[in-house]
Amino acid sequence: MQNTEEENINKLEQAHIDFISTVSHELRTPLTSIRGFAETLLSSYDRLTPEQREKFLQIIKDQSNRLINLVENLLTVSKMQVNKELMVYKTTDIVPLTETVIQMIKSQYKTHYYKFEYEKNLPKILVDTDKFQQIMINLIDNASKYSDEGTTVTVEIKQNYVENKVEITVKDEGSGIDPKDIDKIFNKFSRIDSPLTRKIQGNGLGLYITKNLVEKMDGEIYVKSSEQGSEFKVVFKEATPEDSGKKKINE
Ligand code: ADP
């Protein structure tokens with residue numbers, strides 16, 4: 001008995017140590033880069049060409065964004081862990097919301113193509129609109145960053161008439177996820193160790209947060225992947241007439 005308790009405490013301590021070490025590493029890498037480029041700009045400003053200055057400033061901006069994303073993701077995760085995530089549910093037409101996310105991501109990945117296909121007169125669903133957008137941002141951003149320039153990301157919204165559900169699919173033409181890794185991608189801080197992932201920025205929190213939010217909103221998430229690309233599907237129940245016009249808030 002004593003032993004099991006001790007083992008559990010050790011496991012918890014180890015999990016904390018691993019967490020601190022992962023976060024510190026995630027913080028140190030962009031900070032080192034920001035400090036390095038800022039120092040170079042300060043010490044050699046006159047010797048640098050305007051193009052070099054611009055390039056270094058761009059790196060500082062990108063790395064700062066990476067830090068902001070990490071901190072925002074960590075805050076979301078910590079709220080999730082203590083179940084303090086405020087959810088504001090509303091019956092929602094998800095087509096314009098999804099369109100906004102696609103436009104936003106399109107402006108960041110100018111060399112990708114985006115296709116948005118949806119059925120007419122789709123039923124509304126009961127979701128927290130900010131959290132729904134966060135889910136779509138994570139999935140469409142991943143589809144874009146893990147596929148090559150010039151390929152197409154397709155977002156599709158369909159009605160499942162049999163189960164009274166709405167299905168949103170995000171498909172890419174990237175090189176996919178190895179079947180042996182597929183179960184790990186929804187874990188906290190889990191990044192797949194492949195040459196592709198190594199050269200792409202990320203902190204392994206996006207899909208963990210996504211799955212958590214989908215399930216909190218009573219939805220389901222599925223993934224299919226092959227060497228031709230990956231497909232993430234999110235399924236929500238149609239809003240019922242009783243849901244309509246209601247604003248449900250819970251913590
Ligand atoms: P991040 O992108 O920050 O690493 P995520 O939690 O969003 O973290 O994804 C976890 C891992 O799953 C990624 O590191 C990547 O290896 C893999 N992954 C996610 N989406 C895709 C995708 N569309 N295509 C290929 N691999 C993906």
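Start by selecting Asn73, Thr76, Val77, Met80 and Gln81 in H2, which meet Tyr208, Ile209, Asn212 and Leu213 in H6. Contact here means heavy atoms within 4.5 Å. Sorted by type, the residues of this H2 and H6 contact are five nonpolar, four polar and no charged. For that sorting, Ala, Val, Leu, Ile, Met, Phe, Trp, Tyr, Cys and Pro count as nonpolar, Asp, Glu, Lys and Arg as charged, and the others, Gly among them, as polar.

Some ground rules before moving on. What you have open is a predicted model, where local features need pLDDT of at least 70, side-chain atom pairs count only at pLDDT 80 or more, and totals for chains, interfaces and linings use all residues. Residues are numbered from 1 along each chain as its sequence is written, and side-chain values use heavy atoms, with hydrogens and water left out. Helices (H or I, at least four residues) and strands (E, at least two) are DSSP runs, numbered from the N terminus.

**H2 against H6**

Now show H2 (residues 50-81) as a cartoon with H6: the two pack at an angle of about 40°, with their axes 10 Å apart. Axes are lines fitted to C-alpha atoms, for helices over the stretch in contact, and angles run from 0 to 180 degrees between N-to-C directions. H2 and H6 are therefore oblique to each other; angles under 35 degrees count as roughly parallel, over 145 as roughly antiparallel, 65 to 115 as roughly perpendicular and the rest as oblique. The crossing is left-handed, meaning that the near helix is turned anticlockwise from the far one by less than a right angle.

Zoom in on asparagine 73, which sits in helix H2. Its relative accessibility is 14%, so asparagine 73 counts as buried (under 20% relative accessible area is buried, over 50% exposed, in between partly exposed, with a 1.4 Å probe and protein chains only). Leaving out residues up to four places away in sequence, asparagine 73 touches Asn203, Leu205 and Ile209.

**H4 against H6**

Next, pick H4 (residues 129-145) and keep H6 (residues 206-216) on: the axes come within 9 Å and cross at roughly 145°. This crossing of H4 and H6 is left-handed. To see the contact, select Lys131, Gln134, Ile135, Asn138, Leu139 and Asn142 in H4, then Gly206, Leu207, Ile209, Thr210, Leu213 and Val214 in H6. These split into six nonpolar, five polar and one charged.

Which residues of H6 are buried? Colour Gly206, Leu207, Tyr208, Ile209, Thr210, Leu213 and Val214. Their cover includes H2, H4, strand E6 (220-226) and E7. Past H6, stop at aspartate 218, with a positive phi near 65°.

**Aromatic pairs**

Rings of Phe, Tyr and Trp (its six-membered ring) pair if their centres lie within 6.5 Å; planes under 30 degrees apart count as stacked, over 60 as edge-to-face and the rest as tilted. That rule gives four aromatic pairs. One of them is phenylalanine 37 with phenylalanine 56, a tilted pair at 4.9 Å centre to centre and 50° between the planes. Phenylalanine 37 is in helix H1 (residues 2-44) and phenylalanine 56 in helix H2, so this pair ties together parts 19 residues apart in sequence. Phenylalanine 37 is partly exposed at 23% relative accessibility, while phenylalanine 56 is buried at 13%.

Finish at phenylalanine 186 and phenylalanine 232, whose ring centres are 6.5 Å apart with planes at 80°, so the pair is edge-to-face. Phenylalanine 186 lies in the loop between strand E5 (165-171) and helix H5 (195-198), and phenylalanine 232 in strand E7 (residues 229-237). Relative accessibility is 12% for phenylalanine 186, which counts as buried, and 8% for phenylalanine 232, also buried.
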